[in-house]
Amino acid sequence: MKPDIIHYLDYRSYLNDLVTWLKKKSPELSMRKIAEIAGASSPNWVQQVVSRRIKAKPEALRRISQFSNLSHTDTERFVLLAAFDHAKNLNEKDLLLRKILRDRRRAKYYTLENHQYQFFSSWFIPVVRELCTHPQFDGTEEWIASKIQPPVRKNSVKKALQILSDLNLIRKEKNSKRWEKTTNSVTTPSEIASVAIKRYHKKVMKLGEEALETIPRDQRDFRSITLGLSEKRYKEIKKRIEEFWYELLEYAANDNNTERVFQYNTQLFPISTLTKENSSDYN
């Protein structure tokens, strides 16, 4: 059966499966011939694209689509997936991913990917998850909306609850308007996670910037230090931060008396280049 592109986010995987289908349909079809159809000079064009050594041009994908009798809609989906893969910056990737997911909704193809993307790209959804299980939660979206800062609308809270429920991250308590957390976590295809998580980090960093102006000093803790380190010490510090991160998660998970929701961010990144004479020691 011809692979359906609506199930793919990676155009290279789709190209590989489409070529496999074509060769099963016509065993005499060679990889060299497929490359010629695509207008490529290398007989190993398919392998080079699939292995990420080269990028496929839109015209090459349209030629393959025409040979495979893909519809105009599926051909444009193929080209769109390639554009998403080739995008050079986060804003471009985010724009193309939204377009891909909108197309899937229009095609009535049900997938949790939309909700997974929204979970990571909307900073307040994890906050809603904490507040809807708060001991004082009265079962209304208004209560949750009134507790979040910066403020969000009631409709946004309602949408967040739906996303959390669809992802099975919360569930309704029996005979109650209240919610309870599940032990599940959100997993996403790497194509979605790489875009959505970057957006999430940008948004929570913006929240931190706003908190400097809006949250009283005695209710926040901001620290910054510039360190000169060897690569070895840098990696050790990264490891210590990661260990502390999991320790903090476990510590918070054992607190059954939530009173407020907090955002904790850590940042560690280089602000100078690695000197040549030392870089080879750690490759």
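How many helices and strands does the secondary structure of the protein chain come to? There are 13 helices and 2 strands; helices are DSSP runs of H or I with at least four residues, strands are runs of E with at least two, and numbering starts at the N terminus.

Before selecting anything, note that this is a predicted model, in which local features need pLDDT of at least 70, side-chain atom pairs count only at pLDDT 80 or more, and totals for chains, interfaces and linings use all residues. Residues are numbered from 1 along each chain as its sequence is written, and side-chain values use heavy atoms, with hydrogens and water left out.

**Whole chain**

Show the surface of the protein chain. Of the 283 residues, 35% count as buried (buried is under 20% relative accessible area, exposed over 50%, partly exposed in between, with a 1.4 Å probe and protein chains only). Among contacts between residues at least 6 apart in sequence, 58% join residues at least 24 apart; contact means heavy atoms within 4.5 Å.

**Helices α5 and α6**

Select residues 72-86, helix α5, and residues 90-106, helix α6. Their axes come within 9 Å and cross at roughly 150 degrees. Axes are lines fitted to C-alpha atoms, for helices over the stretch in contact, with angles from 0 to 180 degrees between N-to-C directions. The pair is therefore roughly antiparallel (over 145 degrees; under 35 is roughly parallel, 65 to 115 roughly perpendicular, and the rest oblique).

Now show side chains. From α5 the contact takes Arg-77, Leu-80, Leu-81, Ala-83, Phe-84 and Asp-85, and from α6 Lys-93, Leu-96, Leu-97, Lys-99, Ile-100 and Asp-103. By class these are 7 nonpolar, no polar and 5 charged; Ala, Val, Leu, Ile, Met, Phe, Trp, Tyr, Cys and Pro count as nonpolar, Asp, Glu, Lys and Arg as charged, and the others, Gly among them, as polar.

**Helix α1 against α5**

Tyr-11, Arg-12, Tyr-14, Leu-15 and Leu-18 of α1 meet Phe-78, Leu-81, Ala-82, Asp-85 and His-86 of α5. This contact has 7 nonpolar, 1 polar and 2 charged residues.

**The α3-α4 loop**

Go to Lys-55, in the loop between α3 (45-50) and α4. Lys-55 is exposed at 52% relative accessibility. Not counting residues up to four places away in sequence, Lys-55 touches Tyr-11, Arg-12 and His-86. From Lys-55 to Asp-85, the C-alpha distance is 9.0 Å, across 30 residues of sequence.

In the loop between α3 and α4, also select Arg-52. Arg-52 is not a glycine, yet has a positive phi of about 70 degrees; at 49% relative accessibility, Arg-52 is partly exposed.

**Helix α4 and what follows**

Select Ser-65 in helix α4 (residues 58-67). Ser-65 is buried, at 0% relative accessible area. Leaving aside neighbours within four places in sequence, Ser-65 contacts Leu-70, Thr-75 and Phe-78.

Asn-69 sits in the loop between α4 and α5, and has a positive phi of about 60 degrees without being a glycine. Asn-69 is exposed at 57% relative accessibility.

**Last stop**

Select Pro-150, in the loop between α9 (141-147) and α10 (154-166). The peptide bond from Gln-149 to Pro-150 is cis, with omega near -5 degrees.
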